[in-house]
Amino acid sequence: MKLARPLIASALIVLAPGIMANKSSHASTSAKHVMERLKLADAAVYAERLYNDPDEWGFVTDQIATGKPDWLQVALELKQYADGGYSEELTTDLGLALLNRPSNVLRSLQDQRGPKKFLLYIVCSAPIPSPGKNWLMHYKVRAIEAVEKVRDAELQIERDDCLQALRSIDLSLPADAYE
């Protein structure tokens with residue numbers, strides 16, 4: 001038995017990173033996989049299960065915030081099953097995605113289908129639980145700079161409406177009002 005313990009301990013040390021990586025890799029949570037599941041008859045059940053799994057939900061929302069087109073489509077589809085806080089989180093993710101891929105976000109808002117839609121003005125008016133006035137001020141500047149770079153003629157109306165919403169973000173309140 002004395003020999004077995006060090007052997008087991010060594011095996012755990014070697015295997016633990018792989019086991020942990022498999023748990024956190026989200027290998028089955030590609031945008032394609034999520035979209036396929038949301039096209040099935042049990043889509044509402046799947047969406048509810050996704051919302052209630054903090055690790056998976058966190059992964060999905062982080063991916064949506066990248067602004068990659070396939071993940072933005074996931075956001076549009078999840079919106080159909082989202083109420084309350086989950087809908088707000090999806091809107092926040094689109095607001096964050098404006099920083100890196102504003103054209104993708106504006107295009108996805110333009111191409112929405114289904115009864116529940118994101119409102120461009122809300123997405124573009126920083127629906128982000130702000131960690132403070134300073135953060136929000138920097139977000140506003142960066143988002144305006146990013147959206148101003150959108151040159152696609154088909155997105156001009158969305159671009160201009162989004163810029164108007166961004167410019168209307170009120171930063172006149174005391175600093176602690178944004179926390």
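**Order of elements**

How do the elements of the protein run from the N terminus on? In this predicted model, they run α-α-α-α-α-α-α-α-α-α. The secondary structure thus comprises 10 helices and zero strands; helices (H or I, at least four residues) and strands (E, at least two) are DSSP runs, numbered from the N terminus.

**Basis and confidence**

Residues are numbered from 1 along each chain as its sequence is written, and side-chain values use heavy atoms, with hydrogens and water left out. Local features need pLDDT of at least 70 and side-chain atom pairs count only at pLDDT 80 or more, while totals for chains, interfaces and linings use all residues.

The mean pLDDT (the predictor's confidence in each residue, from 0 to 100) is 84, and 83% of the residues reach 70 or more.

**Packing and surface**

The protein has 179 residues, of which 41% count as buried, meaning under 20% relative accessible area, with exposed over 50% and partly exposed in between (1.4 Å probe, protein chains only). Of the contacts between residues at least 6 apart in sequence, 70% join residues at least 24 apart.

The accessible surface comes to about 10500 Å², and carbon and sulfur atoms hold 58% of that area; areas come from the Shrake-Rupley method with a 1.4 Å probe, and for residues only the protein chains shown count as cover.

**Leu-119**

Leu-119 lies in the loop between helix H7 (102-110) and helix H8 (120-124). Leu-119 counts as exposed because its relative accessibility is 55%.

Technical notes: Contact = heavy atoms within 4.5 Å.
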